[in-house]
Amino acid sequence: MPMTENIKINIKNLWFYYNDHPILEDISLEIPQNTITAVTGPSGQGKSTFLMTLNRLWESIEETRIKGHIEIRFGSDFQNIYDKRYNVSDLRRQVGMVFQVPNPLPMSIYNNIAFPLKLKGENNKTLGSFRVEDALKRSFLWDEVKDRLNEDARALSGGQQQRLCIARALVLNPQVLLLDEPTSSLDDKSGRVIEDLLLELKKDCTMILVSHYLDQVKRIADSGMVLSDRQMKQQW
Amino acid sequence: MDVKETIFKSVFFAASILSAGITLFILGFMIVLALPILKQGLFFDMLTGPWAPDHGLFGLGPMIIGTICIALMALVISFPVSLGCSFFIGILNPRGLGKWLKKIIESMTAVPTVIYGFVGIFFLVPLVRELFLKGSGMCILSAAIMLSILISPTMILFFVQSFSMVPQNDLNAVDALGGNTAQKFFYVVLPHSWKGMLTGIILSFGRAMGDTLIALMISGNSVAFPGSVLDSARTLTAHIALIIAADFDSIEFKTIFLSSIFLYIMTSFGIIMSRFSFKKRKTINET
């Protein structure tokens, strides 16, 4: 059992319902900081839904509801992320998410990375460009795109697009990163680059990785969970 | 290629030629019937001049001004309401309420315009009269308000349709980055859907210009140039209806063909302009 001061995310008795049918049943879990926790399991069992409970992204889906507690430690104190007074935008700036299919927005590479800063209302151009460069470097993409930052991001290859999406999430310096099968739409080589990148990011972020590939999970995850029959079981 | 496919192809080709041809034929038909007037070389006088048949003046100026004022004003009233409504249905959609609201709005398109006209006469016209204490209440403002209600379902449904075409991936991206609803709307929804919205606006404007009954019933049908929105005015469509009801062979009667030509040109112009702006925007995006 990890020490409490190392716990980043504390999930207690989490239930999730879609159309009044439980999708997740009484899940309790402690996730240590600066680790990669992998969630595997059969398709359609609610792995993505589980990720969305951590940044409240499920709230835009109709006929869904949640029961239980999720606390994330930002700084020294645990924050109940479902507290009514807690701002959901603030939460999502601290808990980044990368989706299965890369989703660059229809704008230039630079503007994609700078977009979260714009959403946050940070208008300092010099600081902004420094942070964009930093995020691109941290996501192993800088050398490939530094000469064409003004090109449309959708012209990049699939693997580059996914690293762009990781960079876009990193520019806000999130403490937690949710990864929903980030390599499943990519070829092996691009997938490996992303794996190396995630290992590198461990020093800054706590990551939860949904993945189908058991070998991938074994290579990079610190602990493995299986989600099946609405239950979460620790595998190692 | 077998015979069957050739037959199908030619049937569909003939159908498209026919429907395109009919529109052109109608324009030709109206020009032929308006020829006696056009030949007198009074075309521009008639488009701008006043209407006073007793003095031999058959200008359509007041009706053109009336039509444009009423249709534009209806559009200006309807646009913000429709935008808000479609935003509520398509983006906010609290507790799945949007679905039901959309069904109600869809059923609004089936309401005959004469019903709107009645509501206008018995409710809106007295209200406008009492509120502004000027004239009979049958005026540009009343007609524009009623027309704005008539055209808003078209606009709302087009807007909602365009919003629903915005890729879910892009919406997720903004949500997951902590964007709020307004940011999502301005940075992702609008850039994706403005083309469809523009089509909705143009079709609604066409509908506002082309509607006859509401203007006929509540705009007052005065043939004078309107000076304010509380003045009575006559639209081109109402003019056509009123002349046809009273006459069949006179210069007055012949002017209705000119009215039709003008309506035709106005609506076609709008559609061509919108196509043109699409193309221009596309090339900007590509470069």
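Q: What distance separates the centres of domain 1 of chain B and domain 2 of chain B, taken over C-alpha atoms?

A: This is a predicted model. In chain B, the centres of domain 1 and domain 2 are 28 Å apart, taken over C-alpha atoms. Domain 1 of chain B spans 3–39, and domain 2 of chain B spans 60–286. Seven residues from domain 1 of chain B and seven residues from domain 2 of chain B form their contact. On the domain 1 side, that contact has seven nonpolar residues, no polar ones and no charged ones.

Next, a helix pair. Helix H4 of chain B (residues 97–108) packs on helix H6 of chain B (residues 140–164) at an angle of about 135°. Their axes lie 9 Å apart. That angle makes H4(B) oblique to H6(B). The crossing of H4(B) and H6(B) is left-handed. H4(B) contributes Lys102(B), Ile105(B), Glu106(B) and Met108(B) to the contact. H6(B) contributes Pro153(B), Ile156(B), Leu157(B) and Val160(B). By class, the residues of this contact of H4(B) with H6(B) are six nonpolar, no polar and two charged.

Last, the partner chain. Chain B places 13 residues in contact with 16 residues of chain A. Helix H7 (168–176) and helix H8 (181–210) of chain B each supply at least two residues of the side that touches chain A. H7(B) gives the most to that side, with six residues. The side of chain B that touches chain A holds four nonpolar, seven polar and two charged residues.

Key
Residues numbered from 1 in each chain as written. Chains lettered and ligands numbered in written order. Predicted model: local features only at pLDDT ≥ 70, side-chain atom pairs only at ≥ 80, totals over all residues. Contact = placed C-beta atoms within 7 Å. Helix = DSSP H or I, 4+ residues; strand = E, 2+ residues; numbered from the N terminus. Nonpolar A, V, L, I, M, F, W, Y, C, P; charged D, E, K, R; others polar. Axes fitted to C-alpha atoms, helices over the stretch in contact; angles between N-to-C directions. Parallel < 35°, antiparallel > 145°, perpendicular 65-115°, else oblique. Left-handed = near helix turned anticlockwise from the far one by under 90°. Domains from an automatic or database assignment.
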